[in-house]
Amino acid sequence: MNTTDKVLLLLQQQINQPISGETLARQLGVSRTAIWKAIQKLREQGYLISSQTNQGYRLSSKTDMLDKKEIKQRLIRGFKDWQIETYQTIDSTNRRAKEFAEQNPGQSAIIIADEQTAGRGRLGRKFYSPNKTGLYISICLSPKDLSYESISLITAQTAVSTSRAIETISNESVKIKWVNDLYMRDKKVCGILSEAITDIESNQVQALIIGIGINLSVPDEGFPEELTEIATTVFAPNEMNHCTRNDLAVAVLNQWLLAFNELPDTGFIQEYRKRSNILNKPVRVIQGKEAFNAFAYDIDNRGRLLVKASTGRLHHLSYGEVSI
Ligand code: BTN
(Lines give C-alpha, C1' and ligand atoms only; values in the text may rest on other atoms or scores of the structure.)
Protein backbone atom coordinates (compact mmCIF):
# COMPACT_ATOMS: atom_id res chain seq x y z
CA MET A 1 0.00 0.00 0.00
CA ASN A 2 1.43 3.41 -0.90
CA THR A 3 1.24 6.52 1.32
CA THR A 4 -1.81 7.90 -0.53
CA ASP A 5 -3.77 4.70 0.09
CA LYS A 6 -2.70 4.63 3.74
CA VAL A 7 -3.78 8.26 4.26
CA LEU A 8 -7.14 7.44 2.66
CA LEU A 9 -7.62 4.47 4.97
CA LEU A 10 -6.96 6.60 8.08
CA LEU A 11 -9.32 9.34 6.87
CA GLN A 12 -12.00 6.74 6.10
CA GLN A 13 -11.70 5.30 9.60
CA GLN A 14 -12.56 8.74 10.95
CA ILE A 15 -15.01 9.91 8.32
CA ASN A 16 -16.34 13.47 8.84
CA GLN A 17 -13.89 14.09 11.69
CA PRO A 18 -10.68 16.05 11.38
CA ILE A 19 -7.32 14.39 11.79
CA SER A 20 -4.19 16.52 11.92
CA GLY A 21 -1.40 16.34 9.35
CA GLU A 22 0.99 15.80 12.24
CA THR A 23 -0.94 12.76 13.52
CA LEU A 24 -1.14 11.28 10.03
CA ALA A 25 2.60 11.84 9.48
CA ARG A 26 3.46 10.27 12.85
CA GLN A 27 1.22 7.25 12.37
CA LEU A 28 2.57 6.54 8.90
CA GLY A 29 6.18 7.43 9.66
CA VAL A 30 6.43 9.94 6.79
CA SER A 31 6.93 13.72 6.52
CA ARG A 32 4.09 16.25 6.64
CA THR A 33 4.98 17.20 3.07
CA ALA A 34 4.35 13.59 2.01
CA ILE A 35 0.95 13.76 3.74
CA TRP A 36 0.14 17.03 1.98
CA LYS A 37 1.07 15.51 -1.39
CA ALA A 38 -1.10 12.46 -0.69
CA ILE A 39 -4.05 14.72 0.22
CA GLN A 40 -3.60 16.63 -3.05
CA LYS A 41 -3.64 13.35 -4.99
CA LEU A 42 -6.80 12.18 -3.25
CA ARG A 43 -8.51 15.50 -3.98
CA GLU A 44 -7.53 15.18 -7.64
CA GLN A 45 -9.15 11.74 -7.64
CA GLY A 46 -12.38 13.33 -6.39
CA TYR A 47 -12.30 12.78 -2.62
CA LEU A 48 -13.86 15.69 -0.75
CA ILE A 49 -11.23 16.55 1.86
CA SER A 50 -11.40 19.86 3.69
CA SER A 51 -8.53 21.28 5.71
CA GLN A 52 -8.95 23.56 8.71
CA THR A 53 -6.18 25.38 10.52
CA ASN A 54 -5.31 23.72 13.83
CA GLN A 55 -7.69 20.85 13.16
CA GLY A 56 -6.37 19.03 10.13
CA TYR A 57 -7.92 17.12 7.26
CA ARG A 58 -11.49 15.87 7.17
CA LEU A 59 -12.92 13.43 4.62
CA SER A 60 -16.56 14.20 3.90
CA SER A 61 -19.05 11.35 3.83
CA LYS A 62 -20.54 13.13 0.81
CA THR A 63 -17.57 11.84 -1.16
CA ASP A 64 -19.05 9.48 -3.68
CA MET A 65 -16.07 7.77 -5.24
CA LEU A 66 -16.16 4.25 -6.54
CA ASP A 67 -13.63 2.60 -4.31
CA LYS A 68 -12.46 -0.84 -5.33
CA LYS A 69 -10.90 -1.62 -1.95
CA GLU A 70 -13.98 -0.57 -0.01
CA ILE A 71 -16.25 -2.58 -2.29
CA LYS A 72 -14.01 -5.64 -2.04
CA GLN A 73 -13.92 -5.46 1.76
CA ARG A 74 -17.70 -5.32 2.01
CA LEU A 75 -18.52 -8.12 -0.45
CA ILE A 76 -19.60 -11.49 0.93
CA ARG A 77 -17.12 -14.38 1.01
CA GLY A 78 -18.34 -16.00 -2.18
CA PHE A 79 -16.65 -13.19 -4.13
CA LYS A 80 -13.25 -13.97 -2.61
CA ASP A 81 -11.62 -15.17 -5.83
CA TRP A 82 -13.30 -12.70 -8.14
CA GLN A 83 -11.35 -10.07 -10.00
CA ILE A 84 -12.68 -6.52 -9.55
CA GLU A 85 -11.94 -3.64 -11.92
CA THR A 86 -13.16 -0.06 -11.50
CA TYR A 87 -12.94 2.68 -14.13
CA GLN A 88 -13.58 6.41 -14.00
CA THR A 89 -14.64 6.22 -17.60
CA ILE A 90 -14.96 3.36 -20.06
CA ASP A 91 -16.82 2.74 -23.32
CA SER A 92 -18.89 -0.14 -21.93
CA THR A 93 -18.41 -2.37 -18.90
CA ASN A 94 -20.04 -5.24 -20.84
CA ARG A 95 -17.52 -4.77 -23.65
CA ARG A 96 -14.66 -4.83 -21.13
CA ALA A 97 -16.17 -7.87 -19.37
CA LYS A 98 -16.21 -9.76 -22.68
CA GLU A 99 -12.60 -8.82 -23.32
CA PHE A 100 -11.75 -9.92 -19.77
CA ALA A 101 -13.44 -13.29 -20.34
CA GLU A 102 -11.45 -13.84 -23.52
CA GLN A 103 -8.17 -12.91 -21.85
CA ASN A 104 -8.82 -14.80 -18.59
CA PRO A 105 -10.70 -18.01 -19.29
CA GLY A 106 -12.11 -19.57 -16.14
CA GLN A 107 -11.88 -16.36 -14.10
CA SER A 108 -14.98 -14.54 -12.83
CA ALA A 109 -14.94 -10.76 -12.61
CA ILE A 110 -16.83 -7.60 -11.78
CA ILE A 111 -16.33 -4.46 -13.84
CA ILE A 112 -17.70 -1.17 -12.48
CA ALA A 113 -17.50 2.32 -13.97
CA ASP A 114 -18.35 5.91 -13.04
CA GLU A 115 -19.28 6.65 -16.62
CA GLN A 116 -19.77 4.82 -19.94
CA THR A 117 -19.25 6.57 -23.23
CA ALA A 118 -20.85 3.78 -25.28
CA GLY A 119 -23.14 2.01 -22.79
CA ARG A 120 -25.03 -0.82 -24.48
CA GLY A 121 -28.72 -1.43 -24.09
CA ARG A 122 -30.94 -4.27 -25.27
CA LEU A 123 -31.90 -4.68 -28.92
CA GLY A 124 -28.87 -2.69 -30.08
CA ARG A 125 -29.90 0.46 -28.23
CA LYS A 126 -27.60 2.81 -26.31
CA PHE A 127 -27.73 3.05 -22.54
CA TYR A 128 -27.32 6.62 -21.29
CA SER A 129 -24.55 6.43 -18.68
CA PRO A 130 -23.56 9.88 -17.41
CA ASN A 131 -20.67 10.42 -15.02
CA LYS A 132 -21.24 9.57 -11.35
CA THR A 133 -25.03 9.78 -11.33
CA GLY A 134 -25.51 6.11 -12.10
CA LEU A 135 -24.03 2.74 -11.34
CA TYR A 136 -22.77 0.69 -14.27
CA ILE A 137 -21.76 -2.88 -13.40
CA SER A 138 -20.95 -5.98 -15.42
CA ILE A 139 -20.71 -9.40 -13.86
CA CYS A 140 -18.56 -11.80 -15.87
CA LEU A 141 -19.35 -15.45 -15.17
CA SER A 142 -17.03 -18.16 -16.34
CA PRO A 143 -18.31 -21.62 -17.40
CA LYS A 144 -17.35 -23.14 -14.04
CA ASP A 145 -20.07 -20.94 -12.45
CA LEU A 146 -22.72 -21.94 -14.95
CA SER A 147 -25.03 -24.90 -15.01
CA TYR A 148 -27.02 -25.43 -18.19
CA GLU A 149 -30.37 -25.08 -16.38
CA SER A 150 -29.31 -21.80 -14.78
CA ILE A 151 -28.45 -19.84 -17.90
CA SER A 152 -31.98 -18.97 -18.96
CA LEU A 153 -32.87 -18.03 -15.39
CA ILE A 154 -29.94 -15.78 -14.54
CA THR A 155 -31.36 -12.63 -16.11
CA ALA A 156 -34.68 -13.05 -14.29
CA GLN A 157 -32.82 -13.78 -11.05
CA THR A 158 -30.75 -10.62 -11.58
CA ALA A 159 -33.92 -8.56 -12.00
CA VAL A 160 -35.25 -9.87 -8.68
CA SER A 161 -32.01 -9.50 -6.72
CA THR A 162 -31.33 -6.00 -8.07
CA SER A 163 -34.88 -4.97 -7.11
CA ARG A 164 -34.20 -6.18 -3.58
CA ALA A 165 -30.94 -4.21 -3.43
CA ILE A 166 -32.52 -0.98 -4.66
CA GLU A 167 -35.36 -1.37 -2.16
CA THR A 168 -33.00 -1.76 0.79
CA ILE A 169 -31.27 1.46 -0.25
CA SER A 170 -34.32 3.54 -1.17
CA ASN A 171 -37.18 2.16 0.95
CA GLU A 172 -39.39 2.43 -2.11
CA SER A 173 -40.90 -0.45 -4.03
CA VAL A 174 -39.38 -1.68 -7.28
CA LYS A 175 -41.37 -3.38 -10.05
CA ILE A 176 -40.18 -5.49 -12.96
CA LYS A 177 -41.32 -4.97 -16.51
CA TRP A 178 -40.65 -8.24 -18.35
CA VAL A 179 -38.05 -9.07 -19.48
CA ASN A 180 -35.78 -7.21 -17.12
CA ASP A 181 -36.44 -3.50 -16.79
CA LEU A 182 -36.80 -2.25 -13.24
CA TYR A 183 -39.35 0.43 -12.49
CA MET A 184 -39.90 2.91 -9.68
CA ARG A 185 -42.77 5.39 -9.61
CA ASP A 186 -43.93 3.96 -12.99
CA LYS A 187 -40.68 4.87 -14.77
CA LYS A 188 -37.59 2.88 -15.67
CA VAL A 189 -34.77 3.09 -13.13
CA CYS A 190 -32.56 0.18 -14.21
CA GLY A 191 -31.83 -1.91 -17.28
CA ILE A 192 -30.18 -5.32 -17.48
CA LEU A 193 -28.35 -6.72 -20.48
CA SER A 194 -27.11 -10.33 -20.55
CA GLU A 195 -24.70 -11.36 -23.27
CA ALA A 196 -23.29 -14.84 -23.77
CA ILE A 197 -19.97 -15.62 -25.41
CA THR A 198 -20.31 -18.95 -27.15
CA ASP A 199 -17.81 -21.11 -28.93
CA ILE A 200 -19.21 -21.47 -32.43
CA GLU A 201 -17.80 -24.94 -33.03
CA SER A 202 -18.87 -26.61 -29.79
CA ASN A 203 -21.84 -24.29 -29.14
CA GLN A 204 -20.65 -24.14 -25.51
CA VAL A 205 -21.09 -20.99 -23.42
CA GLN A 206 -17.62 -19.66 -22.67
CA ALA A 207 -18.78 -16.80 -20.48
CA LEU A 208 -21.94 -15.01 -19.53
CA ILE A 209 -21.90 -11.26 -19.02
CA ILE A 210 -24.67 -9.62 -17.02
CA GLY A 211 -24.69 -5.85 -17.28
CA ILE A 212 -26.69 -3.77 -14.81
CA GLY A 213 -27.22 -0.04 -15.25
CA ILE A 214 -28.98 1.93 -12.50
CA ASN A 215 -29.89 5.62 -12.60
CA LEU A 216 -29.12 6.89 -9.13
CA SER A 217 -29.73 10.63 -9.33
CA VAL A 218 -30.63 13.13 -12.03
CA PRO A 219 -27.53 14.38 -13.89
CA ASP A 220 -26.86 18.14 -13.52
CA GLU A 221 -27.71 18.65 -17.19
CA GLY A 222 -30.93 16.58 -16.76
CA PHE A 223 -31.91 13.51 -18.80
CA PRO A 224 -31.87 13.83 -22.59
CA GLU A 225 -35.30 14.81 -23.89
CA GLU A 226 -36.16 11.33 -25.17
CA LEU A 227 -35.71 9.89 -21.67
CA THR A 228 -37.45 12.49 -19.48
CA GLU A 229 -40.87 10.85 -19.81
CA ILE A 230 -39.71 7.27 -19.36
CA ALA A 231 -36.70 7.28 -17.03
CA THR A 232 -36.37 7.98 -13.34
CA THR A 233 -33.74 7.72 -10.62
CA VAL A 234 -33.42 5.77 -7.36
CA PHE A 235 -33.35 9.07 -5.51
CA ALA A 236 -36.24 11.30 -6.45
CA PRO A 237 -35.24 14.62 -8.05
CA ASN A 238 -34.32 17.14 -5.30
CA GLU A 239 -33.83 14.32 -2.80
CA MET A 240 -30.35 14.08 -1.25
CA ASN A 241 -28.58 10.80 -1.96
CA HIS A 242 -28.45 9.06 1.36
CA CYS A 243 -26.06 6.38 0.19
CA THR A 244 -22.97 6.27 -1.95
CA ARG A 245 -22.50 4.31 -5.15
CA ASN A 246 -20.20 2.00 -3.18
CA ASP A 247 -23.15 1.20 -0.88
CA LEU A 248 -25.35 0.46 -3.87
CA ALA A 249 -22.69 -1.59 -5.67
CA VAL A 250 -22.16 -3.71 -2.56
CA ALA A 251 -25.91 -4.20 -2.07
CA VAL A 252 -26.46 -5.12 -5.74
CA LEU A 253 -23.57 -7.58 -5.83
CA ASN A 254 -24.22 -9.26 -2.48
CA GLN A 255 -27.92 -9.68 -3.22
CA TRP A 256 -27.02 -10.95 -6.67
CA LEU A 257 -24.67 -13.67 -5.39
CA LEU A 258 -27.09 -14.81 -2.68
CA ALA A 259 -29.83 -15.23 -5.28
CA PHE A 260 -27.47 -16.76 -7.85
CA ASN A 261 -26.41 -19.42 -5.33
CA GLU A 262 -30.04 -20.57 -5.06
CA LEU A 263 -30.20 -21.45 -8.79
CA PRO A 264 -31.41 -23.60 -10.47
CA ASP A 265 -34.11 -23.50 -7.80
CA THR A 266 -36.91 -21.37 -9.25
CA GLY A 267 -38.49 -20.21 -5.97
CA PHE A 268 -37.61 -16.60 -6.85
CA ILE A 269 -40.01 -16.65 -9.82
CA GLN A 270 -42.88 -16.23 -7.38
CA GLU A 271 -41.33 -12.93 -6.29
CA TYR A 272 -40.76 -12.00 -9.94
CA ARG A 273 -44.49 -12.49 -10.57
CA LYS A 274 -45.43 -10.34 -7.59
CA ARG A 275 -43.10 -7.60 -8.76
CA SER A 276 -44.35 -7.71 -12.34
CA ASN A 277 -46.10 -4.54 -13.51
CA ILE A 278 -47.63 -6.18 -16.59
CA LEU A 279 -49.25 -9.38 -15.31
CA ASN A 280 -53.01 -9.57 -15.70
CA LYS A 281 -52.98 -6.61 -18.04
CA PRO A 282 -53.51 -6.10 -21.77
CA VAL A 283 -50.13 -5.55 -23.42
CA ARG A 284 -48.62 -4.87 -26.81
CA VAL A 285 -45.99 -7.48 -27.67
CA ILE A 286 -43.12 -6.57 -29.97
CA GLN A 287 -40.94 -9.37 -31.34
CA GLY A 288 -38.56 -8.18 -34.00
CA LYS A 289 -40.71 -6.86 -36.84
CA GLU A 290 -43.87 -8.44 -35.46
CA ALA A 291 -46.23 -6.78 -33.00
CA PHE A 292 -49.57 -7.89 -31.61
CA ASN A 293 -52.04 -7.18 -28.80
CA ALA A 294 -52.36 -9.75 -26.05
CA PHE A 295 -53.21 -10.37 -22.42
CA ALA A 296 -50.27 -11.20 -20.09
CA TYR A 297 -51.44 -13.95 -17.74
CA ASP A 298 -48.36 -15.58 -16.21
CA ILE A 299 -44.59 -15.96 -16.04
CA ASP A 300 -43.44 -19.57 -16.02
CA ASN A 301 -40.57 -21.16 -14.12
CA ARG A 302 -38.23 -20.55 -17.04
CA GLY A 303 -38.92 -16.81 -16.87
CA ARG A 304 -41.04 -16.89 -20.06
CA LEU A 305 -43.99 -14.54 -20.35
CA LEU A 306 -47.25 -16.31 -21.14
CA VAL A 307 -49.69 -14.24 -23.15
CA LYS A 308 -52.98 -14.87 -24.88
CA ALA A 309 -53.10 -13.00 -28.18
CA SER A 310 -56.31 -11.29 -29.26
CA THR A 311 -56.62 -14.10 -31.84
CA GLY A 312 -56.93 -16.52 -28.90
CA ARG A 313 -53.55 -18.11 -29.50
CA LEU A 314 -51.28 -18.73 -26.47
CA HIS A 315 -47.63 -17.66 -26.70
CA HIS A 316 -44.69 -18.55 -24.44
CA LEU A 317 -42.36 -15.61 -24.96
CA SER A 318 -38.71 -16.00 -24.15
CA TYR A 319 -37.56 -12.76 -25.78
CA GLY A 320 -39.02 -9.54 -27.06
CA GLU A 321 -40.56 -6.51 -25.47
CA VAL A 322 -43.92 -5.53 -24.13
CA SER A 323 -45.53 -2.20 -23.53
CA ILE A 324 -48.54 -1.50 -21.41
C1 BTN B 1 -31.42 -1.94 -21.35
O2 BTN B 1 -32.14 -1.31 -20.58
O3 BTN B 1 -31.64 -1.97 -22.57
C4 BTN B 1 -30.22 -2.66 -20.78
C5 BTN B 1 -29.21 -1.68 -20.28
C6 BTN B 1 -27.98 -2.32 -19.65
C7 BTN B 1 -26.98 -1.27 -19.26
C8 BTN B 1 -25.81 -1.83 -18.53
S9 BTN B 1 -24.82 -0.59 -17.80
C10 BTN B 1 -23.59 -1.74 -17.44
C11 BTN B 1 -23.50 -2.67 -18.62
N12 BTN B 1 -22.61 -2.16 -19.63
C13 BTN B 1 -23.23 -1.85 -20.76
O14 BTN B 1 -22.69 -1.38 -21.78
N15 BTN B 1 -24.55 -2.12 -20.65
C16 BTN B 1 -24.85 -2.68 -19.35
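Predicted model: local features only at pLDDT ≥ 70, side-chain atom pairs only at ≥ 80, totals over all residues.
Let me begin with a term: a contact means that heavy atoms lie within 4.5 Å of each other. With that in mind, among the contacts in this chain with a separation of 6 or more, 62% are made by residues 24 or more positions apart.

Residues are numbered from 1 along each chain as its sequence is written, and side-chain values use heavy atoms, with hydrogens and water left out.

Now to the chain as a whole. It has nine helices and 14 strands, where helices (H or I, at least four residues) and strands (E, at least two) are DSSP runs, numbered from the N terminus. The radius of gyration is 22 Å, close to the 20 Å that the globule rule gives for 324 residues, so the chain is as compact as a globular protein of that length; this radius is taken over C-alpha atoms, and the rule is 2.2 Å times the number of residues to the power 0.38. Along its principal axes, the C-alpha trace spans about 80 × 45 × 30 Å.

The chain is divided into domain 1 (3-59), domain 2 (68-274) and domain 3 (278-323), with bounds that come from an automatic or database domain assignment. Between the C-alpha centres of domain 1 and domain 2 there are 33 Å.

How much of the chain is buried? Buried residues make up 49% of the 324 residues, where buried means under 20% relative accessible area, exposed means over 50%, and partly exposed is in between (1.4 Å probe, protein chains only).

Let me turn to two residues, starting with Thr4, which is found in helix α1 (residues 3-13). Thr4 has a relative accessible area of 8% and is therefore buried. If we leave aside its neighbours within four places in sequence, Thr4 is in contact with Ala38, Lys41 and Leu42.

The second residue is Arg43, whose place is in helix α3 (residues 32-45). Is Arg43 buried or partly exposed? Its relative accessibility is 29%, so Arg43 counts as partly exposed. With neighbours within four places in sequence again left aside, Arg43 is in contact with Ile49, Ser50, Ser51 and Tyr57. Finally, Arg43 and Leu59 are 16 residues apart in sequence, and from C-alpha to C-alpha they are 9.9 Å apart in space.
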